[in-house]
Amino acid sequence: MESFLPEAGIEFYFYDQLGSNNSDQPTDPSLWTLPRFVEEVEEVRRGLGLDQFVLYGHSWGGMLAIDYALKYQGRLRGLVISNMTAGIQSYLKRTAALKQLLPPASLARLTALEARQDYDNPEYDKIMMEQLYPQMVCRILPWPEPVIRAFRHANQAIYNQMQGKSEFLVTGNLKDWERWDRLHEIKVKALTIGAEHDEMDPNDMRRMATLMPNARSGICPNGSHLCMWDDQAVYFRHLLGFLKTV
C-alpha cells in the first residue's frame with residue numbers, strides 16, 4: 001500500500017488491532033469476538049476524526065468490513081472487500097477443493113493428521129507452509145519479507161479462538177458467520193477483489209458484487225490470497241481505479 005497509494009494522492013491509515021504486534025496483547029478471551037472488533041474500528045475512526053471514508057478489509061478484515069458496513073454504513077463513502085467471501089460455508093467448500101492440489105502422499109498424510117486432530121504436529125505445518133500456502137496464499141517464492149513478518153507476528157491464540165486450528169477447519173466463534181443474505185443492505189460504492197488461485201473462490205467475489213447495488217468486482221488472474229503481492233499490477237489497477245471513483 002505504501003508503494004502505491006501515496007503516489008496516487010491517497011491518504012490512508014492502518015493500525016495493529018488489539019492483540020496484534022505493536023498493540024497491547026491482553027489475554028482476556030472475551031475480547032476476541034467479531035462485534036468487539038467492529039466497535040474497535042469505530043473507535044479508531046472516531047479517534048482519527050474520520051467521516052465519509054473508504055474502509056478496506058482484506059481476508060479476516062473483509063469479514064470485519066462487511067459487518068462494520070452493516071452497522072455503520074452512514075460513516076462510509078466506500079467499501080473494499082479484498083479476498084474474503086461472504087460466508088464460512090463457501091470458504092470451506094473452496095479450501096476443501098484446494099487440498100486436491102497436494103500430491104497424493106501429502107494429501108493422505110494431511111488427511112490422517114486432521115482425522116487425529118493433530119494440528120500442532122510439525123508435519124502438518126510443513127505440508128501447509130511448503131506445499132499448499134505457496135499455491136493459494138502467496139505464489140512468489142521466496143515470500144516477500146513483509147509477508148514473512150506478518151506470519152511471524154500472528155497471534156495464534158486469537159486465530160485459534162476465532163477461526164480454529166487450521167485454514168481447513170473453522171471451529172472458532174466465526175464458524176456460523178454468513179452474510180450472503182444481507183449484502184443487499186450495503187448500498188455504498190463497493191469493490192470486491194479476488195484472485196484465480198485464492199483460497200476464496202473468485203466466482204464468489206464476482207457474485208458478491210452483483211448482490212450489492214453499487215458494487216463491482218476485480219479478479220487477479222495470476223494471484224492468490226495475497227494478490228497485492230503476487231499479481232500486484234492488476235491488483236492495484238483495480239484498487240486505485242475504484243478509489244478514484246469515490
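User: Where is Q52 placed?

Analyst: The model is a predicted one. Q52 sits in the loop between helix 1 and strand 1.

User: Why does Q52 count as partly exposed?

Analyst: Partly exposed is the range between the 20% limit for buried and the 50% limit for exposed. The relative accessibility of Q52 is 37%, so Q52 counts as partly exposed.

User: What is the phi of Q52?

Analyst: Phi of Q52 is near 55°, a positive value in a residue other than glycine. Most residues other than glycine have a negative phi. N83 also has a phi near 55°, again positive and again in a residue other than glycine.

User: Where is N83 found, and why is it called buried?

Analyst: N83 is in the loop between strand 2 and helix 3. Buried requires a relative accessible area under 20%. The value for N83 is 0%, so N83 is buried.

User: Which residues are joined by a cis peptide bond?

Analyst: The bond between L141 and P142 is cis, with omega at about -5°. P142 lies in the loop between helix 5 (122-136) and helix 6 (145-152). Most peptide bonds are trans.

User: What makes helix 1 roughly perpendicular to helix 2?

Analyst: The axes of helix 1 (residues 34-48) and helix 2 (residues 60-72) cross at roughly 75° and come within 9 Å. Angles from 65 to 115 degrees count as roughly perpendicular. The crossing angle therefore makes helix 1 roughly perpendicular to helix 2.

User: Which residues make that contact, and how do they divide by class?

Analyst: Helix 1 contributes L34, F37, V38, E39, V41, E42 and R45, while helix 2 contributes W60, L64, D67, Y68, K71 and Y72. The contact of helix 1 with helix 2 has 8 nonpolar, no polar and 5 charged residues.

User: How many residues are in the largest nonpolar core, and which have the most contacts inside it?

Analyst: The largest nonpolar core has 39 residues, and L79 and I186 have the most contacts inside it. Among the elements that give two or more residues to this core are helix 1, strand 1 (53-58), helix 2 and strand 2 (76-82). Helix 2 gives the most, with 8 residues.

User: What does L79 touch?

Analyst: Residues up to four places away in sequence are not counted here. L79 touches V54, L55, A65, A69, I186, V188, K189, A190, L191 and F242. A second, separate core has 34 residues, including L113, C220, M228 and F236.

User: How many bridges join strand 1 to strand 2?

Analyst: Two strands pair if there are at least two bridges between them. Strand 1 and strand 2 are joined by 6 bridges, so they count as paired. They run parallel. One of the bridge partners in strand 2 is S82, which partners H58.

User: What makes strand 1 and strand 4 edge strands?

Analyst: The sheet is open, with 4 strands in the order 1-2-3-4 and parallel pairing. Strand 1 and strand 4 (215-220) each have a single partner strand, so one side of each is left without a neighbour in the sheet. The twist averages 15° from one strand to the next.

User: Which strands does helix 10 touch?

Analyst: Helix 10 (residues 232-243) packs on the sheet and touches strand 1, strand 2, strand 3 and strand 4. Its direction makes about 165° with that of strand 4. Helix 8 lies across strand 2, strand 3 (189-195) and strand 4, and also runs at about 165° to strand 4.

User: Is Y91 buried or exposed, and why?

Analyst: Y91 is found in helix 3. The limit for buried is under 20%. At 4% relative accessibility, Y91 therefore counts as buried. Leaving aside neighbours within four places in sequence, Y91 is in contact with T85, Q163, E167, V170, E199 and M200. Y91 and E167 are 76 residues apart in sequence and 9.5 Å apart in space, C-alpha to C-alpha.

Note on methods: Residues numbered from 1 in each chain as written. Predicted model: local features only at pLDDT ≥ 70, side-chain atom pairs only at ≥ 80, totals over all residues. Heavy atoms only, no water. Axes fitted to C-alpha atoms, helices over the stretch in contact; angles between N-to-C directions. Parallel < 35°, antiparallel > 145°, perpendicular 65-115°, else oblique. Contact = heavy atoms within 4.5 Å. Nonpolar A, V, L, I, M, F, W, Y, C, P; charged D, E, K, R; others polar. Core = buried A, V, L, I, M, F, W, Y, C linked by side-chain atoms within 4.5 Å. Buried < 20%, exposed > 50% of the residue type's maximum accessible area, 1.4 Å probe, protein only.
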